Amino acid sequence: MSDESVSARRFVRESMTVLDRLTESARDDVARAAELIADCVRADGVIQAFGTGHSQAMVLEVAGRAGGLVPTNRLSIADLVLYGGAAPGVLDDPLLEREPGVAARIYDLAAPRTQDLFVIISNSGVNNVIVEMALHAKEQGHRILAITSLAHTRAVPAGHASGRKLVDLADVVLDNAAPRGDALLELPGGGAVCALSTLTGVMLVQMAVAEASAQLLAAGERPPVYVSANVPGGFEGNLELEKRYAGRIRRTAS
């Protein structure tokens with residue numbers, strides 16, 4: 001199999017090249033993102049993570065995972081049903097994320113505090129609900145960390161009536177370095193295959209968490225982090241840590 005073909009080998013080679021470049025180019029922005037995270041933890045805030053579609057994979061990296069920070073909360077369109085009393089059928093609408101008012105309803109259901117940090121993740125950064133959530137969070141005084149593809153967002157028009165994009169509203173932007181359309185390997189005759197943004201997005205999230213933890217440790221504070229629930233005492237220990245944020249973070253079956 002040729003290295004120049006559409007192949008696993010080529011995807012590994014090209015994606016690793018992007019990751020290597022990203023870990024260097026994003027260093028300063030990661031440090032700024034980590035400062036937002038550490039400030040939030042110090043202020044007894046909760047990191048509110050939101051994304052739609054495949055960006056929810058990075059939301060899961062932020063909120064409620066082993067080795068991750070405890071004061072984290074996952075926001076989702078499904079919250080309209082899980083916590084808002086909407087009929088399950090509303091989630092059948094593939095265009096729900098374009099409906100005005102959805103983000104404000106999700107925000108209200110979470111009832112965040114002013115010191116909470118919003119981490120909003122979207123490869124395009126232009127979907128209505130994404131921009132609406134950023135606008136609403138900004139209006140309520142929250143700081144915003146965005147994870148997005150600058151190449152993609154610069155190449156497409158805004159999808160929100162305000163004409164603004166996620167990057168226009170964020171205090172710090174982490175560029176996931178994914179190409180326009182996300183897929184990395186071009187196919188003969190047009191099109192492309194193998195999305196990149198999840199790999200790079202996860203790297204950015206974990207880099208920011210590591211750097212934020214370093215900042216907290218340097219200040220003599222122990223980061224509140226989860227232990228795997230699948231090691232002895234892990235589940236019980238996690239429950240003790242969560243008590244500090246009771247009513248502010250959600251942990252449901254997934």
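How are H5 and H6 oriented to each other? In this predicted model, local features require pLDDT of at least 70 and side-chain atom pairs count only at pLDDT 80 or more, while totals for chains, interfaces and linings use all residues. Residues are numbered from 1 along each chain as its sequence is written, and side-chain values use heavy atoms, with hydrogens and water left out.

Helix H5 (residues 102-110) packs against helix H6 (residues 128-139) at an angle of about 50°, their axes being 8 Å apart; helices (H or I, at least four residues) and strands (E, at least two) are DSSP runs numbered from the N terminus, and axes are lines fitted to C-alpha atoms, for helices over the stretch in contact, with angles running from 0 to 180 degrees between N-to-C directions. H5 and H6 are therefore oblique to each other, given that angles under 35 degrees count as roughly parallel, over 145 as roughly antiparallel, 65 to 115 as roughly perpendicular and the rest as oblique. In this contact (heavy atoms within 4.5 Å), Val102, Ala103, Ala104, Ile106, Tyr107 and Asp108 of H5 meet Val129, Glu132, Met133, His136 and Ala137 of H6.

The structure holds one aromatic pair, formed by Tyr107 and Phe118, which is stacked, with 5.7 Å centre to centre and 20° between the planes. Rings of Phe, Tyr and Trp (its six-membered ring) pair if their centres lie within 6.5 Å, and planes under 30 degrees apart count as stacked, over 60 as edge-to-face and the rest as tilted. Tyr107 belongs to helix H5 and Phe118 to strand E3 (residues 117-121), so the pair ties together parts that are eleven residues apart in sequence.
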